[in-house]
Amino acid sequence: MSTSSVARIPGSDRTARWVRADRDRLIHPNLPSGLTERTVMVEGQGCYVRDSSGRRYLDAAAVLGMMQVGHGRGEIVQAAAAQLGTLECFHLWESMSNDKAIELAVRLGDLAPTGLDRVFFTSGGAEGNEIALRMARFFHHRRGEPERTWILSRKTAYHGIAYGAGSVSGLPVYHEGFGPSLPHVHHLTAPDPYQGVGYEGEDVTEFCLRELRETIERIGPDRIAAMIGEPVMSVGGAVVPPPDYWPRVAELLDAHGILLIFDEVVTAYGRTGHWFAAEHFGVRPDLLVTAKGITSGYVPHGAVLVTEEVASAVTAANGFPIGFTYTGHPTACAVALANLDLIEREKLLDNATATGGHLADRLAALSELPVVGEVRQIGLMLGVELVADKTTRTQLPTGTAPVAQALREDAGIILRGNPRSLLINPPLVLNRAEADELADGLHAVLARVDPDGRVRP
Ligand code: PMP
């Protein structure tokens, strides 16, 4: 059945048809086969979305952590329509270029941490990490060190699903049936202060630095191309590292000529209250991968920002040999420019800091509940760690899925979780009243969660 014939069917019949067609036709990421229910979203405005039955939800996940400026922004619609009516699509291969890609590259260079002036465009996060990994290897290859092939990453990292990006991701679930397909990848321990019990009583940064130093020694410093990491782990649970972790890691890598890749697919463009989380930690990586918030998700897009040193090495001689069909897509670039205008004009970085702080204040009281281990926050990126036991800090036996379901069904709040933590990444336009609605809903539902993970009626 075509989509248009489905769309003509009225009311609840229409929803039933959609749900049936979804079950028959669609392959969803991460959906257990026995789960037959579907929530079919049909519209959005600001921080809210509405499903096909007319129910409204507070979108506390900003879709998937990318809806910085909120749903339904006319300014972005107009920018996209204008570009679609002028030059909808062109490419950047060889000497071809387009005005919007150039304007966006200049804009990003101006916003980025000093020294990250060169830009390679992609259509998403995994593509960006794939490019960053290749650039890092190619950088050393071009400079006469082809034996620098190893990539260091961290356990519990998420860098997207592609062969390279998936291999450096540290969550075992993404390797099932494939293994970490890229050779020469090593996963280090991630700094996770709340899970400090795993660090054998040592200071978290000292533990991680010692492990990094020993790993570099063991593999050999001249065999390592790069280390990749999310400045603040997102899918891993909004895990904020100790303030000295990244500066000390960057210093150690630099001493051995190992490149640092920051995966800022979630954290870039205001989520932490800065344009880039790199600024928060006072670290300038060699490559910085962005996507999601660059267009607030209105169309797929991404940008990898790199230093002049990296850019000039990889573009020398015959040039950088790889690219995508949609690299520098002018409509995506026009949408990104309009989106960055809104983030700037509406001071959304300041709002992420202020409203994020207010939300953290409101959520602090959650820690008194028996199943809440810790509330973490940086800007509008928050994690609520749920535990079966506060002393052992073990996760709920059910994970967080039943809690996320109760939040959706009982409180009209949409957010996602990993097995340990609820992840809260609302749009950066979230106001205080909406933050209060979110906090009230979380309080009401989490007060009904038992240590066995069940949600009482
Ligand atoms: N890196 C991080 C930190 C992410 O959170 C994600 C997606 N959630 C990705 C990379 C992958 O991005 P995409 O799904 O656009 O490929």
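Axes here are lines fitted to C-alpha atoms, for helices over the stretch in contact, and angles between N-to-C directions run from 0 to 180 degrees. The structure shown is a predicted model.

**View 1. Packing of helix H4 against helix H12.** Helix H4 covers residues 74-84 and helix H12 covers residues 330-345. Their axes come within 9 Å and cross at roughly 155°. Angles over 145 degrees count as roughly antiparallel, so H4 is roughly antiparallel to H12. The crossing of these two helices, H4 and H12, is right-handed.

**View 2. Residues in the contact of H4 with H12.** From H4, the contact takes in Glu 75, Ile 76, Ala 79, Ala 80, Gln 83 and Leu 84. On the H12 side are Pro 330, Thr 331, Ala 334, Val 335, Ala 338, Asn 339, Leu 342 and Arg 345. Sorted by class, nine residues in this contact of H4 with H12 are nonpolar, three are polar and two are charged.

View 3. H12 is built of 16 residues. From its first C-alpha to its last, H12 reaches 22 Å, close to the 22 Å expected at 1.5 Å a residue. The helix is mostly covered, with 13 of the 16 residues of H12 buried. Just after H12, Lys 347 has a positive phi of about 50°.

View 4. Strand E4 runs over residues 118-122 and includes Thr 122. Thr 122 counts as buried because its relative accessibility is 0%, where buried means under 20%. Leaving aside residues up to four places away in sequence, Thr 122 touches Glu 127, Gly 128 and Ile 131, as well as His 301, Gly 302, Ala 303, Val 304 and Phe 324.

**View 5. Packing of helix H8 against helix H9.** Helix H8 spans residues 204-219, and helix H9 spans residues 245-255. The two axes lie 10 Å apart, at an angle of about 15°. Angles under 35 degrees count as roughly parallel, and H8 and H9 are therefore roughly parallel to each other. The crossing of H8 and H9 is right-handed. H8 contributes Thr 205, Glu 206, Cys 208, Leu 209, Leu 212, Arg 213 and Ile 216 to the contact. H9 contributes Tyr 245, Arg 248, Val 249, Leu 252 and Leu 253. By class, the contact of H8 with H9 holds eight nonpolar residues, one polar residue and three charged residues.

Key. Residues are numbered from 1 along each chain as its sequence is written. This is a predicted model: local features need pLDDT of at least 70, side-chain atom pairs count only at pLDDT 80 or more; totals for chains, interfaces and linings use all residues. Side-chain values use heavy atoms; hydrogens and water are left out. Helices (H or I, at least four residues) and strands (E, at least two) are DSSP runs, numbered from the N terminus. Angles under 35 degrees count as roughly parallel, over 145 as roughly antiparallel, 65 to 115 as roughly perpendicular and the rest as oblique. A crossing is left-handed if the near helix is turned anticlockwise from the far one by less than a right angle, and right-handed if clockwise. Contact means heavy atoms within 4.5 Å. Ala, Val, Leu, Ile, Met, Phe, Trp, Tyr, Cys and Pro count as nonpolar, Asp, Glu, Lys and Arg as charged, and the others, Gly among them, as polar. The expected span of a helix is 1.5 Å times one less than its number of residues. Buried means under 20% relative accessible area, exposed over 50%, partly exposed in between (1.4 Å probe, protein chains only).
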